[in-house]
Amino acid sequence: MIKKIVCFSFVFVFLAGISCALAGDKEKLNKLEKRITSYTMNKTYKDDLYGLIVVKCALASLKENSGGIGACLVNSTTGKVVEYGRNRQYTTYFRSDLHAEMDLLNRYEDRMKKTRSREKGINPRQCKNLVLVTSVEPCPMCLTRIINSGIKTVLYLVEDKRGGMATRLDCLPPFWREFAADREFRKAACSPELEKIAHDLFHFSQRGFAKNRVKNNS
């Protein structure tokens with residue numbers, strides 16, 4: 001009988017802990033949303049408009065229980081956004097490939113349906129005037145996908161010191177370094193406040209799966 005009471009108490013405390021954690025997450029998410037909705041675009045920073053767009057996409061990802069990263073594709077000649085993307089790894093089921101940049105490029109390429117014709121000199125990697133804007137520095141998977149897509153310019157609001165690859169181009173294999181030689185990867189010109197929002201969206205959920213995997217295998 002005592003064992004049952006102890007076991008019940010443990011379960012109750014465990015569930016209460018989960019409930020408190022979920023309530024805390026909801027409160028944090030509500031605060032992030034208020035910061036975004038109340039944000040006034042700063043014209044001093046030329047990329048602020050697109051920065052605001054990608055953090056809104058990142059917020060939508062978090063609301064769907066995926067990672068807090070958003071992206072968009074901009075026509076630099078017209079200034080118009082031609083495609084949107086966001087992390088959908090857990091929407092509606094687990095997809096390990098669906099980082100924000102991957103989702104964005106999937107949507108763009110599926111819509112454009114480009115083909116190759118060597119006889120006519122048509123190259124599907126011709127992405128003239130397209131700029132990819134993402135809230136966080138692309139990871140190795142996304143970076144090589146972007147390079148392969150043909151997009152020449154990538155802007156990111158915040159660096160990812162632990163998982164980002166755009167600031168480590170010299171660590172790419174020789175083929176990818178050569179392929180990326182004519183590309184530009186740099187921080188977007190956004191306000192410090194907007195950068196902080198992008199940072200907080202990204203760090204809303206802790207990236208603990210790698211540590212957990214090591215721990216479980218040991």
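Predicted model: local features only at pLDDT ≥ 70, side-chain atom pairs only at ≥ 80, totals over all residues.
Visitor: Which residues of α3 are buried?
Guide: They are A100, E101, M102, D103, L104, L105 and Y108.

Visitor: And what covers them?
Guide: The cover over the buried residues of α3 includes β1, β2, β3 and α4.

Visitor: What happens just after α3?
Guide: There, K113 adopts a positive phi of about 50°.

Visitor: Changing topic, how many residues are in the largest nonpolar core?
Guide: That core holds 49 residues, and the ones touching the most other members are V55, L132, V133, L157, L194 and L201. At least two residues come from each of α1, α2, β1, α3, β3, α4, β4 and α6.

Visitor: Which element gives the largest share?
Guide: The largest share is supplied by α2, with eight residues.

Visitor: What is L157 in contact with, leaving aside its neighbours within four places in sequence?
Guide: Its partners include V55, V133 and L194. Also among them are G51, V54, T134, S135, K187, A188, C190, E195 and A198.

Visitor: What is the mean pLDDT of the protein?
Guide: The mean pLDDT is 88, and 83% of the residues reach 70 or more.

Visitor: Where is the pLDDT below 50?
Guide: It is below 50 over residues 6-22. Beyond near neighbours in sequence, that stretch has zero contacts in the model.

Key. Residues numbered from 1 in each chain as written. Heavy atoms only, no water. Core = buried A, V, L, I, M, F, W, Y, C linked by side-chain atoms within 4.5 Å. Buried < 20%, exposed > 50% of the residue type's maximum accessible area, 1.4 Å probe, protein only. Helix = DSSP H or I, 4+ residues; strand = E, 2+ residues; numbered from the N terminus. Contact = heavy atoms within 4.5 Å. pLDDT = per-residue confidence, 0-100.
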